[in-house]
Amino acid sequence: MAKIIVMTSGKGGVGKTTSSAAISSGLAMRGHKTVVIDFDIGLRNLDLVMNCERRVVYDFVNVINGEATLKQALIKDKRIENLFILPASQTRDKDALKKEGVEKVLDELAAEGFEYIICDSPAGIEHGAYMALYFADEAIVVANPEVSSVRDSDRILGILQSKSRKAEKGEHVEEHLLLTRYNPERVEKGEMLAVEDVQEILATKLLGVIPECESVLKASNQGVPVIHDKSSKAGLAYDDAVARLLGEEKEHRFLTAEHKGLFQRLFRRSA
Amino acid sequence: MLDTEPSIDISRPQSFQIKGALLPLTLLEIKTSQLELVKRELTKKVEVAPSFFDNTPVVFVLDGIQDSAALDLMDLCDFCKSINLNPVGLRGGTDYYQAQARQAKMALFPSVKSRTRASRPDAAPPDTQTTNIDGDIVNNASEGSKKPLEPTEVSEPQPEQASSRDKPLIIDAPVRSGQQIFHAGDLIVMSSVSHGAELLSTGNIHVYGALRGRALAGVEGDESTRVFCGSQEAELVSVAGHYMVDEQLKKSFWKTASQIFYDGKELQIRQLSNF
Ligand SMILES: Nc1ncnc2c1ncn2[C@@H]1O[C@H](COP(=O)(O)OP(=O)(O)OP(=O)(O)O)[C@@H](O)[C@H]1O
Ligand SMILES: [Mg+2]
């Protein structure tokens, strides 16, 4: 049975798209047939991050409107077997996403044998975000270690557990907290919230902590999801998160600042 | 909030504002289908306490009538109006009565399934319960002279408190920012209440995690209700309309397991100690 997972946050720019690309890639690498859907109508970031924007002919809204078949719109990832992207429309109005239409596409994807359907939500708590989370079985709530982001995530969790299809049926949507852009140095200086603080406020299971890392920007510029970069901390942290999502026990890493030795500090200063 | 049309900002209308409110209503529980008896006894009641019948909004409860379709609700309505009561709604009721109420353009209130007294430890046990705690003046009216009320008591009707004795509502999940929970009865949250979340209860409020949002106990005016929390980090706490905001709350037992109650003059915060 297909598992629908929404990548949501409330606040914008916290790393939903980066995480959608990384986690869907990670699931597919482990052999699970996965599709990632861009719900951010009008912006279309996901296909850039996944480097397939030049191959977009039809999009999600075309499929909803019956202007294209699912097969025509799905883009197969060039690197990984089992991974497909359903891109967002760039021009249509945001109300093009209707509940019935979205449901039809999700059902069709499930019938195609997809195991994981990752929904990359737009920011905010408006229509698009609501559509992305409505059908979710599970939610990965992406937050940055700062008060406003955590507050928004809290709100989204509330909406998820009261307005989603599962909630309407009296069921619980499984929650995962993904803390991204985590900077242990700044946490130590008290400039950012610590993992424990965020967890205490949100009272939700921690799926992973992704460190703030230059490799992320590099990866998205190259159109290669950062999880492919086995030399980057963010890539490794995403890989751990995927393992946890699949039920493995993994210790969290990169949570503490590396205290550089005197030699390194001197070296760095002169560099 | 969600699903709004983009062109019209219906979230901020200029001409009106919609607000939730909890207003006192009087319940009129009818226990017999013999309308003549009801009329006779109600008329007597008017003589004893005329000031109470000052266009008082009443909600009918007909669950005590054995026969499911015996009473003419329209007739009852008309009679109530004639003695200066203002029938506004029906709580619960059979399909038959609900249909009549709808026809009379009255509001329908959901029935209260159970009224466990055990849910309110501060309430007197049933056998010693006074009419005051019962708060149900009209209930007495239909019981005739069994429990006569002093006219002075009748002229100052208590807000409807029967509903404060509903079963407690227990919430196992955290209450998130933006959520509002109202319960006519004790409200128990096993987890935390976030900033920007709001709890409203006619009874007591218990929060076993951290209370970071707002908690309003005794919203129908019961000053004996309290707020208990595992960690007091609240934005606002209120008991029967007496409230404290976070500037004051921060000064007393902040981030401490505590209880907030009304001592007759002002709100008090006390640390919960282990006995
Ligand atoms: N761990 C990280 N380290 C450094 N930069 C990051 C990290 N995660 C995300 N970013 C950067 O943050 C920016 C926003 O990321 P992304 O587009 O994934 O966020 P989003 O939540 O999808 O935004 P939107 O709400 O606009 O859809 C991008 O420039 C991305 O490269
Ligand atoms: Mg995005």
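Helix 1 (16-29), strand 7 (174-182), strand 8 (206-211) and helix 11 (214-222) of chain A each give at least two residues to the lining of the largest pocket. Helices (H or I, at least four residues) and strands (E, at least two) are DSSP runs, numbered from the N terminus. This is a predicted model, in which local features need pLDDT of at least 70 and side-chain atom pairs count only at pLDDT 80 or more, while totals for chains, interfaces and linings use all residues. Residues are numbered from 1 along each chain as its sequence is written, chains are lettered from A in the order in which they are written, and side-chain values use heavy atoms, with hydrogens and water left out.

A pocket here is an open set of points on a 1 Å grid over the protein atoms alone, where a 1.4 Å probe fits, with protein on both sides within 12 Å along at least five of seven lines; lining residues have an atom within 4 Å of a point. The largest pocket has 25 lining residues, and Gly13(A), Val14(A), Gly15(A), Thr18(A) and Arg181(A) lie nearest its centre. Helix 11 of chain A provides the largest share of this lining, four residues.

I turn now to the interface. Contact, meaning heavy atoms within 4.5 Å, involves 19 residues of chain A and 13 residues of chain B. The buried area, that is, the accessible area (1.4 Å probe) lost on putting the two parts together, summed over both, is about 1400 Å², and carbon and sulfur atoms give 49% of it. Arg151(A), Asp154(A) and Arg155(A) supply 30% of the area that chain A buries against chain B, more than any other three residues.

Three salt bridges (a side-chain nitrogen of Lys or Arg within 4 Å of a carboxyl oxygen of Asp or Glu) are found across this interface. In one salt bridge, Asp154(A) pairs with Arg176(B), the closest N and O atoms being 3.0 Å apart.
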